[in-house]
Amino acid sequence: MPYGVSEQMIDTYSELIFDLSLNKQTRRGDPIRNLDHEAWLAQREATGLNDPEIAAKTGLAVEQVTFIRNITERRLFRLNQYRKLYRLGGGLRYREDRYQDPEEKFDLSDKAVALRLAMHIMPSQVKKFIAEGLWSDEVLGDLLTVKNPDDPAIISAAETVTYAQLSQRAEQMAAGLKDHGVGRGDVVAALLPMGPELLISYFAVAQLGAVFLPLDPSLSGFEIAEYVRHCCSHSVVCENTTGDVPIGAVSYRDLVATDVPDQPGFIQVAADPLLLTASMAKNEQSKAGILTHQNMLSAMRNVLPLLKLAPGAQIDLSALPVGGMSLVLAQCAFAAGAAVTTEPANATHTATPTDEDWIEISGADHKVLLWGQSDTLAVLTTEQDHSSAAALPGVETRVLGDGEAGELQVRGPSVTAGLLANSKATAAAWTADGWYRTGTEVTIANQSGDKICYSIKGANQ
Amino acid sequence: MAAKVISGEANIPDFDEAKAALKDYALKRGAAVFGIADSAVVEKFAPAGHGPSELLPKVASVITIGVTGPTQGTWRAPAKVMTSVGANVGRIYRVAVGLSFHIESHYGYRSIYCPPHVDPEFGARLPMQSLKLHAELAGIGARSLAGDILLHPEFGMLYYGSVYTEMPLPADEPMADNPCPAPSCVKLYKESDQTPCQKYCPVQCLSGELDDGGTVAKMNFDMYRCAELCQQYENMPTIMERAFETDDQLTREETLYGAEAQSFFYKATAGVDTNAQCFECMRVCPIATQSESVDPIRRAAAARAAAGKGEA
Ligand code: SF4
Ligand code: SF4
């Protein structure tokens, strides 16, 4: 017990001593400059006393006052206040409402931490993707910086949403989700069909640094409940919150009606998780692939040139199940300044699932086929048929099996950064040397130089 | 005139002449202002145990000098640059220590350079002596709304140093007027209830009121908030304690080796003179940054203009 001071004494005296000390100083008028000793004496206490003066006032020993004062100061002290200075000067002045403590900025819930712990990318792969320009600092929100904000971005039977509206509603919804308690790294599910609500939700969740879990409304009630549980979703955005809705349901309409506060913008980090793609693993247990902004944007950059989308084009995504691939195609539309539509009538491009893991995108005078799974996104492509698929840029492929047939294994910039799954499923998903096992049987159709064409038989063939 | 001779053959000076000579000495070595406070008056206003006689029992005069603050370019620098090059205390030491030796060797009166440091009996927050009090009583600074930082109407924000001497020099008076708040600050206060320094302090530790005449009615300074940002007295032990307490290895490593910890340890070990203040209150203060003599370029122009008039 230093100087006979107990914790109880600290409790009793700490505020009093602190307030009397130099830590809080108040001066009335200008008594010293005016040599007004009486006025100065009258406010002596308010100007801040030293420890012997406080001791004389409180009846404590000087050592006790010094100890209690120092302990009080230490308990009040917060590390890293110096950071408040980092963006000041050179004409910039401090504004409390613009400052965000970096520790708060990266404050993660336990569930968000668990999701991050499930991500592990091989260092050699990251080096390669960055060296080859396949990964950059681009984030999903960058797609909304378009030249013509009044152009249509999403067209549905009910409305046409311009890029400006998409951006504004995403910001409002992000504010709504934040008010609802969603933080960085939290999972937000969306039980919505392809259309404005789904895509606005996607951008809103990204703005918060949260993770989007798209759930196709055609999933069974059991699957939805299981995926929501498995992915530890903080909330499930639904059109309606009445009737048979999952636990954690929140109304899209309520969220998007939120006022945007004058606060620092939420930051998006390219290497952060952006999307979860939930599915049933072969062992009948749910799993969810974790895809980062870099995964989603590299998939988009690979696919974009194949689609031949121009500003003004409309790509109909209504036939695709809601998931990673449909969102990649929507991103392609936004990157091209085109629009996503759910109205086939005026569509210039139509995306259709043609077989297991195959999507065909047809335009006026061309078609392209993409092959990929929810955890790999598009990794192979062809303009012909299922027997001539070649790897997209940056994607490495190999076949593990006898001779020219066997399981297709892939590595590439769009392949999941990790799985939220039971340890068995996770262990089964990658080989020891870091290849992702697709579980799909392929045969090598032909090979010239480095280019290998695979033949993939779908379930319907 | 009787004087206490401590060594050799001392000249018994005329104290007015001696004061002028000492001022000349100080200004030539880099002081911008020079003043003398009556040690008895300082003693009266200083808290018990913190008067000049604690250091020099037979002290008669408190000499106080001020050196100018940062350059005009520094005022415009990013805050983290400003904190590392804004302070200008090295020159004080040269002038004040020089003065104390000069008085002893030249005039034969005991003198001591007044330590600008904290009183080791009480930790890091209580100063041994108040240099502010000396400068204020000697009329080379007046308390401002920015946490009582002293301001000078011509030289703005200065750094102060003091010498105590047994030499009985004629004392100066405090300033007749306080330059703070400046007219533009009164205007802003009337519009927004805050003066510039209050508005832009990053930890909002300044508040107060002006009276109808635009002078200070009340100045509040939450010094602990300023200290938390600038001086960071509790930083090192807090870093260590946090590192002991956490169960997470990465958090421990960030606490001990992260950017904040490293830059603090760098400052502490390299003795970088960065911890005095953050300068944001002074950066927006018209007196600190815009007084004529603060700006060497304007000062030189004014001197040339004055010389021109003299010639005419
Ligand atoms: S030095 Fe910085 S923290 Fe201290 S009062 Fe001035 S602006 Fe505020
Ligand atoms: S900005 Fe300067 S002059 Fe204005 S009130 Fe603050 S300290 Fe005084």
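**Ground rules.** I am reading a predicted model, where local features need pLDDT of at least 70, side-chain atom pairs count only at pLDDT 80 or more, and totals for chains, interfaces and linings use all residues. Residues are numbered from 1 along each chain as its sequence is written, chains are lettered from A and ligands numbered from 1 in the order in which they are written, and side-chain values use heavy atoms, with hydrogens and water left out.

**Entry 1, the interface.** I looked up how the two chains meet. Chain B puts 62 residues into the contact and chain A puts in 45 (contact means heavy atoms within 4.5 Å). Together the chains bury about 4,800 Å², with 56% of it on carbon and sulfur atoms; buried area is the accessible area, taken with a 1.4 Å probe, that two parts lose on being put together, summed over both. On the chain B side, B:Phe45, B:Glu228 and B:Glu260 supply 15% of the area buried against chain A, more than any other three residues.

I found 6 salt bridges across the interface of chain B and chain A (a side-chain nitrogen of Lys or Arg within 4 Å of a carboxyl oxygen of Asp or Glu). B:Arg125 makes a salt bridge with A:Glu73, and their closest N and O atoms are 2.9 Å apart. By class, the side of chain B that touches chain A holds 31 nonpolar, 9 polar and 22 charged residues. Here Ala, Val, Leu, Ile, Met, Phe, Trp, Tyr, Cys and Pro count as nonpolar, Asp, Glu, Lys and Arg as charged, and the others, Gly among them, as polar.

Strands are DSSP runs of E of at least two residues, and helices are runs of H or I of at least four, numbered from the N terminus. I count two strands as paired if DSSP finds at least two bridges between them. Strand S1 (residues 24-28) of chain A pairs with S8(B) in the antiparallel sense over 5 bridges, and A:Arg28 stands opposite B:Lys218 in S8(B). Within chain A, S12(A) and strand S13 (residues 358-362) are antiparallel over 5 bridges. These two form a hairpin with 2 residues between them, and A:Asp357 in the turn has a positive phi of about 70 degrees.

Which residues surround ligand 1? I list among them B:Cys201, B:Cys205, B:Cys226, B:Cys278 and B:Cys281. Helix H9 (223-229) and helix H13 (280-283) of chain B are the elements that give two or more residues to this shell. The shell divides into 10 nonpolar, 1 polar and 1 charged residue.

Note on methods
A residue is near a molecule or strand if one of its heavy atoms lies within 4 Å of it.
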